[in-house]
Amino acid sequence: MQLEIVAIGGYEEVGKNMTAINVDGEIIIFDMGLMLDRVLIHEDTDISKMHSLNLIEMGIIPDDTVMKNIEGEVKAIVVSHGHLDHIGAITKLAHRYNAPIIGTPYTIELIKREILSEKKFDVRNPLVTLNAKESIDLTPNLTLEFIKITHSIPDAVLPVLHTPYGAIVYGNDFKFDNFPIVGERPDYRAIKKVGKEGVLCMISESTRVEYEGKTPSEKIASDLLKNDLLGADNQSNAVIVTTFSSHIARIKSATEIGEKMGRTPILIGRSMVKYCGIAEDIGIVKFPEDTRIAGDPSAVDRIFREIMKEGKENYLLIVTGHQGEEGAVLSRMATDKTPFKFEKYDQVVFSADVIPNPMNAAQRYMLEARLKRLGVRVFKGAHVSGHASKEDHRDMIRWVNPEHIIPSHGDFNLTTAYAKLAEEEGYRLGEDVHLLRNGQSLKFERII
């Protein structure tokens, strides 16, 4: 038996996820992501002209040079979902491997966009679409299964690699949403079936493991958004919502609430065009019929002039810039760099938490302060996470019942918190729950 799990990225931080699994010389890579806070902006990140070696040195993408020491051939690159901290490094690293890239339809469409915009490398890896609830034979010995899971982006899956020695479950990222706004609820039956058949190892995110209880459903966020938008005195004022462009369910809720308010929903920002446009094109979501969208700066300015002329009270604006990113739409609006003019009692709803690092916190604070100085009413809290909390993780451990667990997608505080939870479920650190650092690996050896 030769089975080795190589931690390439995402084992010391929240981001730049990448893991390799070597089964008897046949290697499957899971995810190739960015470290978003190293580039200071988020869904509008553009690294298309930068070289991979510079990006590795800056800590923006995983250091995959460790793969030179792994004996075997890469047979596939598997992506769990379309967030940039899982697919953002594909354009910089995938061309090094003679292997197809496999993902769900929405994820593959996002990857196509990333490849088309790449300026430095020629990525020609075949793109293979695999739906949730489907399997594909990667080699005579390895089968990949996609299990339906929920997250804060459509078409997320729980990839399972079936090997002769048991299954490897790759749990980055997930939540258990029983009332999703877009898509189906998790496939609990498939998760439990894999657990009963035998799981050698589960790699699990630890991003939110310190939060007690369960992560609430997206339906809760939708209700909070209704409360902020329908319950405030805003009939004669501008109303703006800002959230993640990839959070299609949240944006769908906002557009539908806009309809109830008698306002035309307008999605504004370059990444809005990318994420929402693809989601609608491939049938994942249907926005209200009168929803409009503007991405490039000239189109954005044109639509702002129209709004100012026709009356701000006629529109619900859904814009990029919830982290206070310089250059994003909301920051440009707040600094008078667009034709839009804020007035006293205009309403801005932040439907996203601050991503926890000092730069984001400072940028968001400055944005909120600017808005308040203009007399804008700032609303916060209409948000729920896309990541599992402690009791969700406990359920996952009990259903999957893995022989070994490797916490990932977190810094040392988070991965150790997950290890503590695993010990509550009967695992022992160093025996069957393992803390890895980037560049380290875990080898499994037993007589088969």
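## Before you start

Since this is a predicted model, local features need pLDDT of at least 70 and side-chain atom pairs count only at pLDDT 80 or more, while totals for chains, interfaces and linings use all residues. Residues are numbered from 1 along each chain as its sequence is written, and side-chain values use heavy atoms, with hydrogens and water left out.

Helices (H or I, at least four residues) and strands (E, at least two) are DSSP runs, numbered from the N terminus. Two strands pair if DSSP finds at least two bridges between them.

## The six-stranded sheet

Let's begin with an open sheet of six strands, paired in parallel and ordered β14-β13-β15-β12-β16-β17. At its edges stand β14 (292–294) and β17 (377–380), each with a single partner strand, so one side of each has no neighbour in the sheet. From one strand to the next, the twist averages 20° (angles run from 0 to 180 degrees between N-to-C directions, and axes are lines fitted to C-alpha atoms, for helices over the stretch in contact).

Helix α7 (residues 248–260) touches β13 (264–268) and β15 (315–319), and its direction makes about 170° with that of β15; contact here means heavy atoms within 4.5 Å. Helix α8 (residues 270–281) touches β13, β14 and β15, with its direction at about 135° to that of β14.

## A closer look at β15

How many of the residues of β15 are buried? Five of the five are, so β15 is largely enclosed by the rest of the structure. Buried means under 20% relative accessible area, exposed means over 50%, and partly exposed is in between (1.4 Å probe, protein chains only). Tyr 315, Leu 317 and Val 319 point one way from the strand, Leu 316 and Ile 318 point the other way, and all are buried.

β15 has parallel partners in β12 and β13. Four bridges join it to β12 (residues 239–242), where Ile 240 stands opposite Leu 317. Five bridges join it to β13, where Leu 267 stands opposite Ile 318.

Another open sheet has seven strands in the order β6-β5-β4-β3-β2-β1-β19, with mixed pairing. β6 and β19 (441–444) are its edge strands, each pairing on one side only. Three bridges join β5 to β6 in parallel, and Ile 102 stands opposite Val 128 in β6. Helix α4 packs on this sheet, touching β5 and β6, with its direction at about 160° to that of β6.

The 13 residues of α4 (residues 105–117) should span 18 Å at 1.5 Å a residue, and its end C-alpha atoms are 19 Å apart, which agrees; the expected span is 1.5 Å times one less than the number of residues. Tyr 106, Thr 107, Ile 108, Leu 110, Ile 111, Glu 114 and Ile 115 of α4 are buried. Among the elements covering them are α2 (84–87), α3 (90–93), α7 and α8.

## Around β8

Strand β8 (residues 143–148) is mostly covered, with five of its six residues buried. It runs antiparallel to β7 (residues 135–137), joined by three bridges, and Ile 136 has Leu 144 of β8 as its bridge partner. β7 and β8 form a hairpin with five residues between them. Six bridges also join β8 to β9 (residues 157–163), again antiparallel, with Thr 143 opposite His 162.

## Where α5 meets α12

The axes of helix α5 (residues 188–197) and helix α12 (residues 390–400) come within 7 Å and cross at roughly 50°. That makes α5 oblique to α12: angles under 35 degrees count as roughly parallel, over 145 as roughly antiparallel, 65 to 115 as roughly perpendicular and the rest as oblique. Tyr 188, Ile 191, Lys 192 and Gly 195 of α5 meet Met 396, Trp 399 and Val 400 of α12.

## A buried histidine

Where is His 409 found? It lies in the loop between β18 (404–408) and α13 (412–424). His 409 counts as buried because its relative accessibility is 0%. His 409 and Gly 9 are 400 residues apart in sequence, yet 8.4 Å apart in space, C-alpha to C-alpha.
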